[in-house]
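Dear colleague,

I am handing over the structure below, and I would be grateful if you could read the notes after it with the coordinates open beside you.

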Amino acid sequence: MVNIGSTAVGARVMGVKIDKGDNEKYAKLLLKDPACADKGDNVALSRRIESHWRLIGWAIIVKGKAVELSEN
């Protein structure tokens, strides 16, 4: 679960990368639903442990993909 502002969205980790030069860690997430956010926004990462959601970390959005929303 990823919390972006007040929005909670399910997500799947698609890949993880560690940059050797500056020792930064990057994760590529695939969100189940669209969420509105800007580069540089903080997000909270949660995981369900024994039927309770637990905060397991936080991250900063480095880049993302814009999607077109239909008017249906």
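This is a predicted model: local features need pLDDT of at least 70, side-chain atom pairs count only at pLDDT 80 or more; totals for chains, interfaces and linings use all residues.

Residues are numbered from 1 along each chain as its sequence is written, and side-chain values use heavy atoms, with hydrogens and water left out.

The open sheet consists of 4 strands in the order β2-β1-β5-β6, with antiparallel pairing. The edges are held by β2 (7-9) and β6 (52-60), each of which has a single partner strand, so one side of each is left without a neighbour in the sheet. From one strand to the next, the twist averages 30°; for such angles, axes are lines fitted to C-alpha atoms, for helices over the stretch in contact, and the angles run from 0 to 180 degrees between N-to-C directions. Strands here are DSSP runs of E with at least two residues, and helices are runs of H or I with at least four, numbered from the N terminus, while two strands pair if DSSP finds at least two bridges between them.

Taking the pairs in turn, strand β1 (residues 2-4) is joined to β2 by 3 bridges in the antiparallel sense, and N3 stands opposite A8 in β2. On pairing with strand β5 (residues 42-49), β1 again runs antiparallel, over 3 bridges, and V2 has L45 in β5 as its bridge partner. Between β5 and β6 there are 8 bridges, also antiparallel, and the partner of A44 in β6 is W58.

A further antiparallel pair is made by strand β3 (residues 11-19) and strand β4 (residues 24-31), over 8 bridges, with R12 standing opposite L30 in β4.

Both hairpins deserve a look at their turns. The hairpin of β3 and β4 has 4 residues between the strands, and N23 in the turn has a positive phi of about 60°, although most residues other than glycine have a negative phi. N23 counts as exposed because its relative accessibility is 54%, where exposed means over 50% relative accessible area, buried under 20% and partly exposed in between, with a 1.4 Å probe and protein chains only. In the hairpin of β5 and β6, which has 2 residues between the strands, E50 takes a positive phi near 50°; E50 is not a glycine, and E50 is exposed, with a relative accessible area of 71%.

Finally, the largest pocket has a volume of about 1700 Å³. A pocket is an open set of points on a 1 Å grid over the protein atoms alone, where a 1.4 Å probe fits, with protein on both sides within 12 Å along at least five of seven lines, and lining residues have an atom within 4 Å of a point; the volume is the space filled by probe spheres set on the points, which are joined across faces, edges and corners. Of the 38 lining residues, A27, K28, L29, I61 and K63 are the closest to the centre of the pocket. Two or more lining residues come from each of β1, β3, β4, β5 and β6, and β4 gives the largest share, 8 residues. By class, the lining has 26 nonpolar, 2 polar and 10 charged residues, where Ala, Val, Leu, Ile, Met, Phe, Trp, Tyr, Cys and Pro count as nonpolar, Asp, Glu, Lys and Arg as charged, and the others, Gly among them, as polar.

With best wishes
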